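Me: I would like to go through some terms used for this model and see what stands behind each one.

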Amino acid sequence: MASVSAQTAAQQPVSPRKRAIHWGNLPWPSILVLISLVMVAIFAPLISPHNPREQDILLQFARPFWRITGTAGFPPEAGYWLGTDDLGRDILSNIIYGLRISLLVGFVAVTISLVIGTPVGLIAGFRRGRTDDIIMRLVDIQLALPTILIALGVLAVWGSGLWKVILVIGIVGWANYARLVRGSVLIEREKDYVTSAQALGTAVPRTLFVHILPNVLNALLVQISVDVPRVILLEATLSFLGLGVSITTPSLGLMVARGYERLFSGVWWTSVLPGVGLMILVLSINLLGDWLRDTLDPRKLNA
Amino acid sequence: MSTFLIKRLFQAVLAVWIVVTLVFVLLQVAGNPIDVLAPDDMTQLQRQDLARSLGLDQPLHIQYGRFLTNLVQGDLGISYFSRQPAMGLVLERFPATLRLILVALAMALTLGIPLGVWAAVNAGGPLDSALRFMSVIGISAPTFWIGILFILVFSVQLEWLPSSGNASWQHYILPGFTLALYRIAFFTRMVRSSMLDVLSQDFVRTGRSKGLSERLVTYKHAFRNALVPVITIVGLQFGSLLSGAVVTETIFAWPGMNRLVLTAMYNLDYPIILSFAVIVALLFAGINLIVDVLYGLIDPRVRYG
């Protein structure tokens, strides 16, 4: 964060090289965790010990492997390492497939926001004047409204489902990108290289996308790293509330919700363990995002 | 100051109108509540009667006009299900939600601000790193899952605290903390970076160089300035607290308005959803106004333009 730069700035001049990325400086633990989770999600059918949808009521509420005592629970040899849920489905397999859904939602929804928000922000920043005023007022309103309430409302009336969730979250997320890109464009457009490009007769779209956009990339990357985990949690929350993905989709939020119903009868693993999976995923992305923010953009974006 | 306030008030009214209209339009796209309300064996004629009694047979612009007229009078119709005034139902549950949010906000501020200052004063040290890692965990933990963990540990296992309702002050601890956790982490990060920004500014150096104690510089001079961005963020956090309260109220069976509106969403109970939207929009507009004014009071450089 600003911390490091502020401290070092006082003692020694920051050389440009200091900000360059070195292999040794990368946040390896979170990168490795994230890569393994992505791999697990991609190769889910090969890795997961069971079909996540496979039900066996006789195997209901098998305990996770470290809680197996005597005849209670089922031996992990059967591959139910993290136990089973109320329908006898393997929890580990469901978490593995759930990671798939989370990652899918995270990346597709953020891509949608990016695709909508970036051009809008470019136009607002470049045209300025009235266009800018109208767009920014819309951005303000969108940002002021609680995303989850909008998403809940839309999904309640439109019906739920994975792709609807992705679309709604994606569309609602445009405003941050529009604001970010606009802000950067306002700074960039005053610089000499833009004036030169304009003087040379470069078409406006070309100026925007070829000349200005690359200068905004760092800020965008930081915003994406903040948004992906946020969106993943949003989907999980919507599904937890019963208005997200359909009940047959192995969503981590949905699994926690199902387990929650059995919490008071002593069956904790069906809700707690999927949450652990979700948290590790989000945590690793957030740690990576923190590092990105420190490295790429220590001044512009706080908090 | 007064022109500023009038301008801001006008903007607030405009924002409320936009939000409310958007919700109205959204609900029209949503589908016919008669389909939800009417039993399957209802005849066509009975359905029409029902539609008429709820005013749903009128053309859209009439419905909208009537909606706006009633809105100004604070009347948003009768809940399709409980047959009571919708605004009344939502308002009745509003205090419970507000109390939960305020408790969570108080917890978040009393813990988050000192932790953030503490981290900033020790920037770069092991304490800073530890706090930083903990705050990343705090913002990464899904609220609903945290709530469940709390229930599991403190209600089911230890049986220390109640897990549903809001009858006594003990009932506030688990839901309040569940809702606060993310914000504690968030404020810690926020205050830390804000403090560090301020600590690197010239007036702090001046303060130090004229021999003021480090304590005075940090806690009196720097801290006050570091609070300015925090106020805006607190205002913005209100929206996120309200959203978070949806989850918290669901998990802890909290009798607040979010749980009411969630049920209304399942049931397409339009008047309730609209009343909720109006209240939320008013809250937001009001809070933004307060934040703007506070901003000016704390930082005299901000001019009311």
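Me: What makes the crossing of H6(A) and H7(A) right-handed or left-handed?
Reply: The crossing of H6(A) and H7(A) is right-handed; a crossing is right-handed if the near helix is turned clockwise from the far one by less than a right angle, and left-handed if anticlockwise. This is a predicted model, where local features need pLDDT of at least 70, side-chain atom pairs count only at pLDDT 80 or more, and totals for chains, interfaces and linings use all residues. Residues are numbered from 1 along each chain as its sequence is written, with chains lettered from A and ligands numbered from 1 in the order in which they are written.

Me: Why are H6(A) and H7(A) called oblique to each other?
Reply: Their axes, which are lines fitted to C-alpha atoms over the stretch in contact, cross at roughly 140 degrees. Angles run from 0 to 180 degrees between N-to-C directions. Under 35 degrees counts as roughly parallel, over 145 as roughly antiparallel, 65 to 115 as roughly perpendicular, and the rest as oblique; H6(A) and H7(A) are therefore oblique.

Me: How do you know that H4(A) is largely enclosed by the rest of the structure?
Reply: A residue is buried if 20 or more other C-beta atoms, placed from the backbone, lie within 10 Å of its own. In H4(A), 29 of the 37 residues are buried, so the helix is largely enclosed.

Technical notes: A residue is buried if 20 or more other C-beta atoms lie within 10 Å of its own, exposed if 12 or fewer, and partly exposed in between; C-beta atoms are placed from the backbone. Helices (H or I, at least four residues) and strands (E, at least two) are DSSP runs, numbered from the N terminus.
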